[in-house]
Amino acid sequence: MQWAALAAGLACAGPAIAEDCLNPDALGTLRTLEIDPARFARIGTMQYPGTLPLKPREIVLTFDDGPMPPMTSRVLEVLRHECVKATFFLVGRNAKAFPSIVRRIAEDGHTVANHSQNHHLVPVAGALGMQEFDLGFQAIAAALEPAGAKPAPFFRFPGLLHSPVVENHAKAKHVTVMSTDILADDWMQIRPEHILQRALARLEAKGSGILLLHDVQPGLALILPKLLRELSARGYRVVHIVPKSGAESSPASPPAPLVVEAKKAPVASKSAARKPAKEAQPEVAEFPVIARWRKLMEASRKAVPLAAKVEIANY
Ligand SMILES: [Zn+2]
């Protein structure tokens with residue numbers, strides 16, 4: 001079979017996790033699942049015939065569109081508190097702007113993957129689609145390089161707007177295109193409680209699968225503690241996906257042959273990643289809305305302190 005389970009039955013797998021896992025009631029990570037991109041080109045039943053070989057009530061948590069403080073930071077806090085490992089599909093330009101958060105995601109033991117360079121929300125095919133694919137991997141690789149880490153060879157199309165040209169490009173580079181099985185509509189203008197309801201209702205209907213969330217969405221960041229508590233109460237268990245050993249580096253290594261800008265990106269990204277003092281400037285200058293969200297996240301910490309028990313709302 002194409003999959004190989006690594007660790008099994010560990011609420012807090014690995015020394016780094018065990019050291020940080022101070023919550024005896026944590027949801028935890030049940031097991032780790034290796035994915036071989038050379039054999040699994042496309043997964044996720046929303047768009048493709050097959051998905052991960054999960055057992056009933058096993059879920060894979062994925063977060064798209066980051067990194068973006070303070071929401072991504074809040075999501076990482078919540079995941080750490082619950083000793084849960086997830087996969088983050090990052091946008092390359094965000095990775096370049098906030099490389100320290102990219103490294104924190106990796107250092108927390110999560111899988112770091114690619115969600116394109118600029119997250120165009122229109123169908124992007126041909127040379128531009130491949131450029132977005134390649135530059136995204138390069139920007140994320142540059143952010144991870146100081147930590148000695150590399151992006152996983154997993155790619156998710158922005159808006160799930162897939163194209164055969166880019167799908168074939170991914171396959172040629174031994175990258176798994178990962179769609180999803182379940183959406184929570186957390187990018188819509190709906191109340192956080194409705195995100196919770198939709199995620200749980202769709203999970204119950206499906207029984208298991210890949211759950212797509214957005215770590216950049218304040219509503220999701222606010223409701224995530226309750227979502228994970230409710231998953232635990234309902235008997236769901238988290239599976240962490242990782243690339244098959246030795247497959248981590250292939251996507252970022254070859255330069256994008258079609259685009260001149262592709263050769264410039266790693267230099268700029270590496271420079272930014274190695275000088276963390278410069279990170280504070282784009283955070284303020286490029287994302288003025290962040291100050292408002294930071295206040296929301298601070299309010300969330302006060303309302304749902306992670307050191308205390310989290311009450312699950314009835315609905
Ligand atoms: Zn997205």
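Mentor: We can start with confidence and then move on to helices, a strand and the backbone.

Trainee: What sort of model is it, and how are the residues numbered?

Mentor: Numbering starts from 1 along each chain as its sequence is written. The model is predicted, so to speak of local features a pLDDT of at least 70 is needed and side-chain atom pairs count only at pLDDT 80 or more, while totals for chains, interfaces and linings use all residues.

Trainee: What is the mean pLDDT of the protein chain?

Mentor: The mean pLDDT is 80, and 72% of the residues of the protein chain reach 70 or more; pLDDT is the predictor's confidence in each residue, from 0 to 100.

Trainee: Where does the pLDDT stay under 50?

Mentor: It stays under 50 over residues 1-18, for which the model has 31 contacts beyond four places in sequence, two residues being in contact if their C-beta atoms, placed from the backbone, lie within 7 Å. Residues 252-289 also have a pLDDT below 50, and that stretch has 50 contacts beyond near neighbours in sequence. Where pLDDT is low, the predicted coordinates should not be read in detail.

Trainee: And overall, how many helices and strands are there?

Mentor: The protein chain has 11 helices and 11 strands, where helices (H or I, at least four residues) and strands (E, at least two) are DSSP runs numbered from the N terminus. Of its 315 residues, 48% count as buried, and a residue is buried if 20 or more other C-beta atoms lie within 10 Å of its own, exposed if 12 or fewer, and partly exposed in between, with C-beta atoms placed from the backbone.

Trainee: Let's take α6. Which of its residues are buried?

Mentor: In α6, which spans residues 164-172, the buried ones are Val166, Glu167, His169 and Ala170. They lie on the same side of α6 because they cover an arc of only 160° around the axis, the arc being that of the directions from the helix axis to the C-beta atoms. Pro164 and Ala172 are exposed on the other side of α6.

Trainee: What do the buried residues of α6 pack against?

Mentor: They pack against β3 (42-43), α5 (126-144), β7 (154-155) and β8 (176-178). Just after α6, His174 takes a positive phi of about 60°.

Trainee: Since α5 came up, at what angle does it pack with α4?

Mentor: The angle between α4 (residues 99-107) and α5 is about 80°, with their axes 8 Å apart; axes are lines fitted to C-alpha atoms, for helices over the stretch in contact, and angles run from 0 to 180 degrees between N-to-C directions. The two helices, α4 and α5, are therefore roughly perpendicular to each other, given that angles under 35 degrees count as roughly parallel, over 145 as roughly antiparallel, 65 to 115 as roughly perpendicular and the rest as oblique. Pro99, Val102, Arg103 and Ala106 of α4 make the contact with Ile140, Ala143 and Leu144 of α5.

Trainee: How do α2 and α8 pack?

Mentor: Helices α2 and α8 (residues 218-233) pack at an angle of about 5°, their axes 9 Å apart, and are therefore roughly parallel to each other. On the α2 side the contact is made by Met71, Arg74, Val75 and Val78, and on the α8 side by Pro218, Ala221, Leu224, Pro225 and Leu228.

Trainee: Changing topic, is Ile210 buried or exposed?

Mentor: Ile210, in strand β10 (residues 209-214), is buried, with 25 other C-beta atoms within 10 Å. Its C-alpha atom is separated by 8.1 Å from that of Thr51, 159 residues apart along the chain. Leaving aside neighbours within four places in sequence, the contacts of Ile210 include Gly44, Leu52, Val60 and Asp181.

Trainee: Last one, the backbone: which peptide bonds are cis?

Mentor: Among them are the bond from Gly66 to Pro67, with omega near 0°, and the bond from Pro69 to Pro70, also with omega near 0°. Pro67 is in the loop between β4 (58-64) and α2 (71-81), and Pro70 is likewise found in the loop between β4 and α2.

Trainee: And what is phi for Ser116?

Mentor: Ser116 has a positive phi of about 85° although it is not a glycine, and Ser116 is buried, with 28 other C-beta atoms within 10 Å. Most residues other than glycine have a negative phi, and most peptide bonds are trans.
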